[in-house]
Amino acid sequence: MSCAGPPIVDLANFEERKEEIKNELMKAATTVGFFYITNHGIPQDLIDRAFAINARYFDQPSEVKAKYPSVDWGAVKLLGYEVNRMHEGDGLLHESCIQKFPVHTEMEKIWPTEEDVPDFKKVTMEFMEALPPVVDRLMSLFALAIGFPEDFFKTITDVSTTENNSFLQYHKYPSLEGTERKDWKEGVNRITAHTDESLMTLLFNSPGSVGLELAAGKDGKAVGSEVGQYTVEGWTDCPPKPGCITVNVGDPLQFWSDGLLKSNYHRVRMPKEGEPLDARYSIGWFVWPKDDVLIQGPAQKYPPTTMKEFMKVKGQMYGNSFHPDPEIYMANQHVAFGVPQLANATPIPAAS
Ligand SMILES: O=C(O)CCC(=O)C(=O)O
Ligand SMILES: [Fe+2]
């Protein structure tokens, strides 16, 4: 097992160890912006079943997946199936589908039927229900550390109301077997460099999956602000760890903490020489604050905003890159997701 990657924070005996855990979380979140959690309470068997459903969903023929397309939905667009191609009409680089709690009635159009993907709804619901308690524990400690009441984020992210926007995203990065490495254009990634628009993301990567990288803290450097010129430097691997969930800070938490907690760049790069070319699966739980809640830290370092306003500025789901320097951040707003990789992309054959 590799020792690389962000720190591991052990959540065992949470109630008795709150102070210690808070300090460890803050150390990671204020530097790397990423950390692993262990003893998080989510049974491995449930995670395995969610991954099995993930594969079962994406293994359906395109016509089946096309029955459950994305729909515009308030400030956060998309529910349902989405694809990201290297270039219009070329090979598939990444597919995803988004699920929310059924308190959102739009979900009725999104759940695949039992015939199409048996057990999809059952397992997805069981998995989603297991996640908020983990988020609440982490966010209660971040709230205290930032200077808010312990339950500050609990109300803002409460999943039981229709105002809630948190979502689960199943990802598949189709197999690259049969493609020629020399045909991969330089700079093409399975997911390009981005920061998350969520308050916080719980990321599940299947064992042995490669490619997640992060550019942490001061080593992450945005270069250029023109479309096609944008790069980030200082990448390090963030491999999956057995029994751990990868967690990262997102943009609104950086705002809410007056820049203390870092929403750092990350990406999924293409496999290196010798690494597996098979399909890669991951699952993200994107903790999303309610649309109209005022986002501002105790020191008011950044201008106040709301999720609705922030998403307008950020533009797209996989929008643009947040930079801790507000000037660079604003300058980067027009650098759309995928543009750098699309501009020079070489086709790879479509996955079957
Ligand atoms: O698939 C992964 O490991 C990363 C996905 C990701 O960064 C995202 O969905 O925001
Ligand atoms: Fe991300």
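Mentor: There are 2 cavities of 30 Å³ or more in this structure. A cavity here is a set of points, on a 1 Å grid over the protein atoms alone, where a 1.4 Å probe fits but cannot get out; its lining residues have an atom within 4 Å of a point. Grid points are joined across faces, edges and corners, and the volume is the space filled by probe spheres set on the points. The model is predicted: local features need pLDDT of at least 70 and side-chain atom pairs count only at pLDDT 80 or more, while totals for chains, interfaces and linings use all residues. Residues are numbered from 1 along each chain as its sequence is written, ligands are numbered from 1 in the order in which they are written, and side-chain values use heavy atoms, without hydrogens and water.

The largest cavity has a volume of about 140 Å³. Its lining consists of 17 residues, and those nearest its centre are His171, Ile191, His194, Leu203 and His266. At least two lining residues come from each of β5 (167–173), β6 (189–194), β7 (200–205), β13 (265–269) and β14 (280–287); strands are DSSP runs of E, at least two residues long, numbered from the N terminus.

Ligand 1 is surrounded by 14 residues, the closest being His171, Tyr173, His194, Arg280 and Ser282; such a residue has a heavy atom within 4 Å of the ligand. Polar contacts are pairs of N or O atoms within 3.5 Å. An oxygen atom of ligand 1 lies 2.5 Å from a polar side-chain atom of Tyr173. For Asn205, a side-chain N or O atom is 3.2 Å from an oxygen atom of the ligand.

Conventions. On a 1 Å grid over the protein atoms alone, a cavity is a set of points where a 1.4 Å probe fits but cannot get out, and a pocket is an open set with protein on both sides within 12 Å along at least five of seven lines; lining residues have an atom within 4 Å of a point. Helices (H or I, at least four residues) and strands (E, at least two) are DSSP runs, numbered from the N terminus. A polar contact is a pair of N or O atoms within 3.5 Å; within protein, one must be able to donate a hydrogen and the other to accept it, and residues adjacent in sequence count only if both atoms are side-chain atoms.
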